[in-house]
Amino acid sequence: MRLPPAWLVVLSGVVIAMHVGKMPPAIPVLQQALGVTLVQAGFLLSAVQLAGMCLGVLAGMSADRLGLRRSLLTGQAILATASLCGMVVSSPSGLLLLRALEGLGFLLAALPAPSLIRQLVRPSQLPLYLGLWSTYMGTGIALALLAGPLAMQALGWQGWWGLLGVLSAAMALCIVWVIPSDQARASTAAASAPPPAADPPAAWWAPLALTLRHRGPWQVALLFALYSSQWLAVIGFLPAIYAQAGLGASQAGALTALASWINVVGNIAAGRLLQQGWCARYLLWIGYSSMGLGAVLVFGPWTQELPMLRYLAVLGFSAVGGLIPGVLFSLAVRVAPSERTVSSTVGWMQQCSSAGQFFGPPLIAWIAGNVGGWHWTWALTGSAACLGLWLARRVRFQAA
């Protein structure tokens with residue numbers, strides 16, 4: 001029996017997220033094998049976001065022009081190629097370059113997915129599948145954190161890279177087999193609905209200009225950046241922190257995987273709470289407050305002798321913080337200046353989110369390296385949480 005096409009899009013998202021999550025469990029191994037420093041490790045964590053930081057809004061605009069299915073295929077092909085090439089890299093700089101290339105593949109595969117799902121399912125099914133899509137990042141990173149240590153024990157870090165490269169290649173073949181071509185979907189849509197009124201031709205950059213002239217897209221984008229910079233920095237370095245504390249790779253990977261996956265709980269809860277009429281601003285306040293408090297408990301020196309409390313704080317940091325992206329993805333559609341700027345608004349949000357993920361981990365690694373430990377990490381993440389609280393207070397959300 002063939003897998004429903006929309007399910008395959010969700011699974012494709014899980015695979016690309018595994019490429020993001022393959023680096024954290026590999027950091028202790030790469031530090032020994034390639035002599036990677038702590039700051040270099042921070043950039044290896046965040047380099048996958050380089051393309052999104054530079055090209056997110058342009059990729060969001062160009063996905064429709066390239067074709068949604070074609071963009072998805074291209075992204076998976078780039079991820080497969082870069083990951084397989086990583087098997088022969090012998091220097092941190094080479095790995096960093098391939099990591100940036102993987103970021104381009106991630107962007108091309110992630111941005112068209114919501115629009116593609118919308119074309120593949122009935123309107124009554126759309127909330128269900130978009131809710132499933134919002135879990136792709138937490139699920140994929142959790143799977144990578146669980147599988148990575150086991151794969152590296154059996155195959156080495158090069159084998160782990162190769163395994164994910166093969167997985168992306170297999171996913172690309174499944175997409176070709178299962179998902180109808182862009183032309184076929186367009187023909188089906190044209191046969192089932194009257195053609196829309198023709199719009200006057202506009203310059204390609206007009207949606208971008210309209211998006212950036214409005215305050216709403218900037219606000220949701222900055223809020224996402226403040227969230228993502230904290231989340232990746234904390235979750236991304238947990239395996240290295242646990243390794244320094246003497247935990248084995250498998251145990252550290254399992255603990256970090258749960259901390260990553262539990263973020264999905266917040267993602268799903270946000271959609272349900274918004275549907276029940278909860279105020280978006282209140283959910284953002286809850287999310288940022290929990291991240292700030294969680295980081296203080298996780299990294300503050302006064303909890304150094306309380307490892308169980310620290311781990312529970314990590315879970316709270318990730319789970320309740322997961323409300324934030326769930327709310328912001330919903331708001332991005334509502335604050336877009338027009339229907340034709342939704343992709344630009346989501347792309348701009350992705351671009352600012354990627355910028356936060358690019359700069360957050362290296363900055364935290366730099367601070368940890370200079371002070372000789374992780375005990376001041378809470379100050380940086382807590383500052384981001386406070387800025388999020390302040391900005392959420394100033395935002396004027398529609399229906400919020």
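This is a predicted model: local features need pLDDT of at least 70, side-chain atom pairs count only at pLDDT 80 or more; totals for chains, interfaces and linings use all residues.
Thr303 sits in the loop between α15, residues 280-299, and α16, residues 307-321. The relative accessible area of Thr303 is 2%, and the cut-off for buried is under 20%, so Thr303 counts as buried. Leaving out residues up to four places away in sequence, Thr303 touches Leu297, Val298, Leu309 and Arg310.

Next, helix α17, residues 323-335. With 13 residues at 1.5 Å each, α17 should span 18 Å, and its end C-alpha atoms are 18 Å apart, so the two agree. The buried residues of α17 include Leu323, Ile324, Val327, Leu328, Leu331 and Val335.

Leu328 takes us to the core. The largest nonpolar core has 104 residues, and Leu30 and Leu328 are the ones with the most contacts inside it. Helix α9, residues 136-178, supplies the largest share of this core, 16 residues. Leu328 itself touches Val220, Leu223, Phe224, Leu284 and Met349, again not counting residues up to four places away in sequence.

Now the whole chain. The protein chain has 19 helices and 0 strands. Of its 400 residues, 54% count as buried. Take the contacts between residues at least 6 apart in sequence: 84% of them join residues at least 24 apart. The accessible surface comes to about 17400 Å², and carbon and sulfur atoms account for 69% of that.

That's what I have; questions are welcome.

Note on methods. Residues are numbered from 1 along each chain as its sequence is written. Side-chain values use heavy atoms; hydrogens and water are left out. A nonpolar core is a set of buried Ala, Val, Leu, Ile, Met, Phe, Trp, Tyr and Cys residues joined through side-chain atoms within 4.5 Å. Buried means under 20% relative accessible area, exposed over 50%, partly exposed in between (1.4 Å probe, protein chains only). Helices (H or I, at least four residues) and strands (E, at least two) are DSSP runs, numbered from the N terminus. Contact means heavy atoms within 4.5 Å. The expected span of a helix is 1.5 Å times one less than its number of residues. Accessible areas come from the Shrake-Rupley method with a 1.4 Å probe; for residues, only the protein chains shown count as cover.
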